[in-house]
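Reader: I am new to this structure and would like to be guided through it. Could we talk it over in short questions and answers?

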Amino acid sequence: MKKIVAIGGSNSKESINRKLALYAANQIKNTETIDIDLNDFDLPLYGIDLETDKGIPEDANKLDALIASADGIVVSLAEHNGSYATAFKNAYDWLSRINQKVWKEKPMLLMATSPGGRGGATVLQAAKGSFPYLGANIIADFSLPSFYDNFTENKVSDEKLNNELNEKIELFQKSI
């Protein structure tokens, strides 16, 4: 059975991006979903002096191994002031010190959501532009605006958005 890693790009205990990533990953047929909660990884704030003094944290290597073990990656990014959430960016920085190809050329469904009407569009654009340089094979991307209006009862409730997401999931599934 193929493995899909689902990452919510936030350390919020109630992360809407983690909910969206898990929802999408669980729609992929005949796969096992590995839920990556950034709170499960003890990663100090990245800095070259810390890396020089103490090396790569064990939890960064564990996270890298989970990504390496996957057949595909579903990421949904939180947007903080137009960029990545700090917890995600920090994990991303540590991972890039282990292997510059953080995403290991694995097929990726890249998403973002937010409570607002833009659905994390700015961070999604940033990731679409930079992730491929760090080994992302982005098959499809999706933005879910107004999360609390469009995601109810653990599903995308807006029919048009749900159909769009299902099309993206189908493209992704064909690539794994």
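**A first conversation**

Author: Leaving aside neighbours within four places in sequence, Leu-45 is in contact with Leu-50, Asn-90 and Trp-94, where contact means heavy atoms within 4.5 Å. Please note that this is a predicted model, in which local features need pLDDT of at least 70 and side-chain atom pairs count only at pLDDT 80 or more, while totals for chains, interfaces and linings use all residues. Residues are numbered from 1 along each chain as its sequence is written, and side-chain values use heavy atoms, with hydrogens and water left out.

Reader: Is Leu-45 buried or exposed?

Author: Leu-45 is exposed, with a relative accessible area of 65%. Buried means under 20% relative accessible area, exposed over 50%, and partly exposed in between, with a 1.4 Å probe and protein chains only.

Reader: And where is the place of Leu-45?

Author: Leu-45 is in the loop between β2 and α2 (48-54). Helices (H or I, at least four residues) and strands (E, at least two) are DSSP runs, numbered from the N terminus.

Reader: Turning to the strands, how many of the residues of β1 are buried?

Author: Six of its eight residues are buried, so β1 is largely enclosed by the rest of the structure. β1 and β2 pair in the parallel sense over six bridges; two strands pair if DSSP finds at least two bridges between them. Val-5 has Ile-34 in β2 as its bridge partner.

Reader: What about β1 and β3?

Author: β1 and β3 also pair in the parallel sense, over six bridges. Gly-8 stands opposite Ser-76 in β3.

Reader: Which residues of α5 are buried?

Author: In α5, Val-123, Leu-124 and Ala-127 are buried. Seen down the axis of α5, the buried residues fall within an arc of 105°, so they line one face of the helix; the arc is that of the directions from the helix axis to the C-beta atoms.

Reader: What do those buried residues of α5 pack against?

Author: They pack against β3, β4 (79-80), β5 (83-84), β6 and β7.

Reader: How many residues has the largest nonpolar core?

Author: The largest nonpolar core has 31 residues, and Leu-77 and Phe-88 are among those with the most contacts inside it. A nonpolar core is a set of buried Ala, Val, Leu, Ile, Met, Phe, Trp, Tyr and Cys residues joined through side-chain atoms within 4.5 Å.

Reader: Which element gives the most to this core?

Author: That is α4, with five residues.
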